[in-house]
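Let's work through this one together, a question at a time. Have the picture open as you read.

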Amino acid sequence: MASIDVNQISKGMKLEIEGAPYEIIDYQHVKPGKGQAFARIKLKNLKTGNVVEKTYKVGEKLELADFEEREMEYIYNDGEYYYFMDTRTYEQVGVPAVSLGEKAKFLKENTPVMVQFYKGEAISVKLPKSIVLQVVDTEPGFKGDTVTNVTKPATLETGAVIQVPTFINVGDFVKVNPETGEYIERVNVK
């Protein structure tokens, strides 16, 4: 396994710490007036989603994770696992529902995603920055109601409920950030 010096770290890098895969979310190099320089690193466990902060002295070596990402399409779920297919090889893999968490509410069939593998095992999924979904239930909007900071709940075709502006109606398509569950904009779909 390859290792790198603490000085070479960057955001998004995948590390193996105590036998678990982590992604660097943020880091800060600190050079105190006295003593040795160090790096304070914020890490996300790719299996559990937990975020931890660790400190390493400059010069320490960190292990790079045996990590791979492959583009796949969401096909279905059975409650315990979400299944994805590689569109080139037709290989199917299951990712535990617990590792998807709240993001699963925004998955619809044929959505392209990046499936993350650690030591050959599918452990998590990175959704696109935005997903377009249809509104299937919401209170009717009012003509001329253009106040932008007033929102109402809307149920999307995947069952997710998000807050949308009052001018959004049933049948409209909206762009959503699946990481935060926030409405981005209304979209015209032909």
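Rings of Phe, Tyr and Trp (its six-membered ring) pair if their centres lie within 6.5 Å; planes under 30 degrees apart count as stacked, over 60 as edge-to-face and the rest as tilted. Keep in mind that this is a predicted model, where local features need pLDDT of at least 70, side-chain atom pairs need pLDDT 80 or more, and totals for chains, interfaces and linings use all residues. Residues are numbered from 1 along each chain as its sequence is written, and side-chain values use heavy atoms, with hydrogens and water left out.

Q: Are the rings of tyrosine 76 and tyrosine 83 stacked or edge-to-face?
A: Their centres are 4.7 Å apart. Their planes meet at 20 degrees, so the pair is stacked.

Q: What do we call the pair of tyrosine 81 and tyrosine 83?
A: These ring centres lie 6.3 Å apart. The planes are at 40 degrees, so this pair is tilted.

Q: Is tyrosine 83 buried or exposed?
A: Buried means under 20% relative accessible area, exposed over 50%, and partly exposed in between (1.4 Å probe, protein chains only). Tyrosine 83 has 18% relative accessibility, so it counts as buried.

Q: What about tyrosine 76?
A: Its relative accessible area is 38%. That makes tyrosine 76 partly exposed.

Q: Which residues form one aromatic cluster?
A: Look for three names here. The cluster is made of Tyr74, Tyr82 and Phe84.
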